[in-house]
Amino acid sequence: MANLDPTVTPTIERPKSGFNDYAERLNGRAAMLGFVALVLFEAVTGQAIVTWLGLR
């Protein structure tokens, strides 16, 4: 009887959507960039972002 087991295991790339390492890394970097931009904005203008937006 012939052996019907596969000889090669296919490699399937997982899609880059949902909660995965790539998305979490990208979100973390975007959050860090936004935080630094907010701190720089407040340092340059001397006022908080909520004051600049007219919310306070």
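**View 1. Gly-54 lies in the segment after H2.** Helices are DSSP runs of H or I with at least four residues, strands are runs of E with at least two, and both are numbered from the N terminus. Gly-54 counts as exposed because its relative accessibility is 58%; exposed means over 50% relative accessible area, buried under 20%, and partly exposed in between, with a 1.4 Å probe and protein chains only. Between Gly-54 and Pro-6 there are 66 Å in space, C-alpha to C-alpha, and the two are 48 residues apart in sequence. This is a predicted model, in which local features need pLDDT of at least 70 and side-chain atom pairs count only at pLDDT 80 or more, while totals for chains, interfaces and linings use all residues. Residues are numbered from 1 along each chain as its sequence is written, and side-chain values use heavy atoms, with hydrogens and water left out.

**View 2. Leu-55 is found in the segment after helix H2 (49-52).** Leu-55 is exposed, at 66% relative accessibility.

**View 3. Asn-20 is placed in the segment before H1.** With a relative accessible area of 13%, Asn-20 is buried. The side chain of Asn-20 reaches the backbone nitrogen of Ala-23 at 2.8 Å. A side-chain oxygen of Asn-20 also comes to within 3.2 Å of the backbone nitrogen of Tyr-22, at the start of H1.

**View 4. Helix H1 covers residues 21-45.** From first C-alpha to last, the 25 residues of H1 reach 36 Å, close to the 36 Å expected at 1.5 Å a residue; the expected span is 1.5 Å times one less than the number of residues. Just after H1, Gly-46 has a positive phi of about 80°.

**View 5. The whole protein chain has 2 helices and 0 strands.** Its C-alpha trace spans about 80 × 20 × 10 Å along the principal axes. The radius of gyration is 24 Å, whereas a compact globule of 56 residues would have one near 10 Å; the value is taken over C-alpha atoms, and the globule rule is 2.2 Å times the number of residues to the power 0.38. Buried residues make up 4% of the 56 residues.

**View 6. The protein chain carries 5 positive and 5 negative side chains.** The centres of the two sets lie 8 Å apart. Lys and Arg count as positive and Asp and Glu as negative, without His and the chain ends; each charge is placed at NZ of Lys, CZ of Arg, CG of Asp or CD of Glu.

Technical notes: A polar contact is a pair of N or O atoms within 3.5 Å; within protein, one must be able to donate a hydrogen and the other to accept it, and residues adjacent in sequence count only if both atoms are side-chain atoms.
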